[in-house]
Amino acid sequence: DQSSPMGAHCSPRLGLGPTKTVLVTGASGYLGMFVVDALVKANTVKYGCSTKTSEKRYNVVAATGSVNPKEAVPEGAIGVQIDGTSYESIKAVLAKHKPTVIVNCMALTNPGACMDKPDLAEALNACKSLVSAIKDTIPGALLIQVSTDMVYSGNIKPGDLHTNKYPTKPLNKYGMTKKMAEDNIMATLKHFVILRSSAIVGPKPPRASCKKSGTFLQMTINELKKEGKSPFFKEEKRSFVYVRDCVANISFFVDKYFYHYNTKYEGQSKQERVYCMGGKVSLSRDKFAEAVADALELSKNAIDAMERKECKYKWAHKYASPKDISMDSSRLFALRGRDNLSVDEMIADMKSRGELEVEASLL
């Protein structure tokens, strides 16, 4: 009872009524795994100061694609497989579990892979099947769409930052298909939030079944520890964002929709429900490498700062990569009441958790 003298120090009953459901798609991907783990961890709330009485806040349904859910989904979540390109597959899962909130993390995120498999990239990333299935099955559900900073062209004046209202003009297939998803969502659905994420960095994924063994951070550490020089592109600036901040941002909107999204946010225009989700400091790739080297006391000798066009390796020229796609995430910071971490702060947090072991190979 919050009115009791102990009320300020104890969790009150949240009064959610019937148990609700959160569906996370892309649950075997890097971000998806962290989102599912966080939702499962937060899924029990105690009433008052009782250690005996508790209630499940919501069901967590974790949908994987090609990966067996038994290998990717933790205890406490319901694992299902879903074909993200199939309307019927998605509709069947929605009809069975009737989620209140859908967190869409499924995507083909590698720009090179999107070029190699353009049809798959469009079918999965543009979310046509997902959006149609939501509209036809559970139109009252909230879709939290994880988008990307690659919807921007990167041609901005030095010192400028991209906002949710800044014109979009993606340069590669990945950015194009994610922009298609944004347009489709805004044209079709009533309840949505779009989070344009910058490059996500963090520790190794929590389970080996994740197809991505790490992030640009682990790749950078590996390159810093090698003999010889490695290219880091000095014209490509990103608002690198910590995976745990992404999870906190997503969890914020999950909870808001459960309680009073309809009353507080429905008056917003569709464009106002698009948020930039980056760290509070933007760095070029070479400066990111320098920050990692300083934080981990590694040599900077391996850092070869150059422009992408100067790189001799073929992989650097496979797709167009925007130069400066730094973002202003202050709207999101203000809404949540806290900033996302800077690169230095991310690394310090991971060091405190003992999470920066270096793998032999990556990406």
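Start by selecting glutamine 145, which you will find in strand β7 (residues 142-148). Keep in mind as you go that this is a predicted model. Is glutamine 145 buried or exposed? With a relative accessible area of 1%, glutamine 145 is buried. Now show its surroundings: setting aside neighbours within four places in sequence, glutamine 145 is in contact with Asn104, Cys127, Lys178, Ala181, Ile185, Val193, Ile194 and Leu195.

**Stop two: cysteine 127**

Cysteine 127 sits in the loop between α5 and α6. Its relative accessibility is 1%, so cysteine 127 counts as buried. Look at the backbone here too: cysteine 127 is not a glycine, yet its phi is positive, at about 65 degrees.

**Stop three: helices α5 and α7**

Select α5 and α7 together. The two helices pack at an angle of about 30 degrees, and their axes are 8 Å apart. An angle under 35 degrees counts as roughly parallel, and α5 and α7 are therefore roughly parallel to each other. Their crossing is right-handed. To see which residues make the contact, show Pro118, Ala121, Glu122 and Asn125 on α5, then Lys173, Tyr174, Thr177, Lys178, Met180 and Ala181 on α7. Coloured by class, the contact of α5 with α7 divides into five nonpolar, two polar and three charged residues.

Stay here and zoom in on lysine 173 and glutamate 122. Their side chains meet in a salt bridge, with an N to O distance of 3.5 Å. Lysine 173 belongs to helix α7 (residues 173-188) and glutamate 122 to helix α5 (residues 118-125), so the pair ties together parts that are 51 residues apart in sequence. Both ends are partly exposed: lysine 173 at 22% relative accessibility and glutamate 122 with a relative accessible area of 35%.

Move along the helix and select aspartate 183 and lysine 179. What joins their side chains? A salt bridge does, at 2.5 Å from N to O. Both residues lie in helix α7, four residues apart, which is about one turn of the helix. Aspartate 183 is partly exposed, with a relative accessible area of 37%, whereas lysine 179 is buried at 16%.

**Stop five: helices α3 and α6**

Next, select helix α3 (residues 87-97) and helix α6 (residues 128-137), which pack at an angle of about 40 degrees with their axes 9 Å apart. That angle makes α3 oblique to α6. The crossing of α3 past α6 is right-handed. On the α3 side, show Tyr87, Ile90, Lys91, Leu94 and Ala95; they meet Ser129, Leu130, Ser132, Ala133, Ile134, Asp136 and Thr137 of α6. This contact has seven nonpolar, three polar and two charged residues.

Now go to lysine 98, in the loop between α3 and β6 (101-104). Lysine 98 has a positive phi, near 45 degrees, and is a residue other than glycine.

**Stop six: helices α8 and α11**

Turn to helix α8 (residues 216-225) and helix α11 (residues 285-296). They pack at an angle of about 70 degrees, with axes 10 Å apart, and are therefore roughly perpendicular to each other. Phe216, Leu217, Thr220, Ile221 and Leu224 make the contact from α8, and Arg285, Phe288, Ala289, Val292, Ala293 and Leu296 make it from α11. By class, these are nine nonpolar residues, one polar and one charged.

How many salt bridges does the structure hold? There are 17. For another of them, select arginine 338 and aspartate 245, whose closest N and O atoms are 2.9 Å apart. This pair links distant parts of the chain, 93 residues apart: arginine 338 is in the loop between α12 (330-336) and α13 (343-352), and aspartate 245 is in helix α9 (residues 243-259). Arginine 338 is partly exposed, with a relative accessible area of 35%, while aspartate 245 counts as buried at 3% relative accessibility.

Key. Residues numbered from 1 in each chain as written. Predicted model: local features only at pLDDT ≥ 70, side-chain atom pairs only at ≥ 80, totals over all residues. Heavy atoms only, no water. Axes fitted to C-alpha atoms, helices over the stretch in contact; angles between N-to-C directions. Parallel < 35°, antiparallel > 145°, perpendicular 65-115°, else oblique. Left-handed = near helix turned anticlockwise from the far one by under 90°. Contact = heavy atoms within 4.5 Å. Nonpolar A, V, L, I, M, F, W, Y, C, P; charged D, E, K, R; others polar. Salt bridge = Lys/Arg side-chain N within 4 Å of Asp/Glu carboxyl O. Buried < 20%, exposed > 50% of the residue type's maximum accessible area, 1.4 Å probe, protein only.
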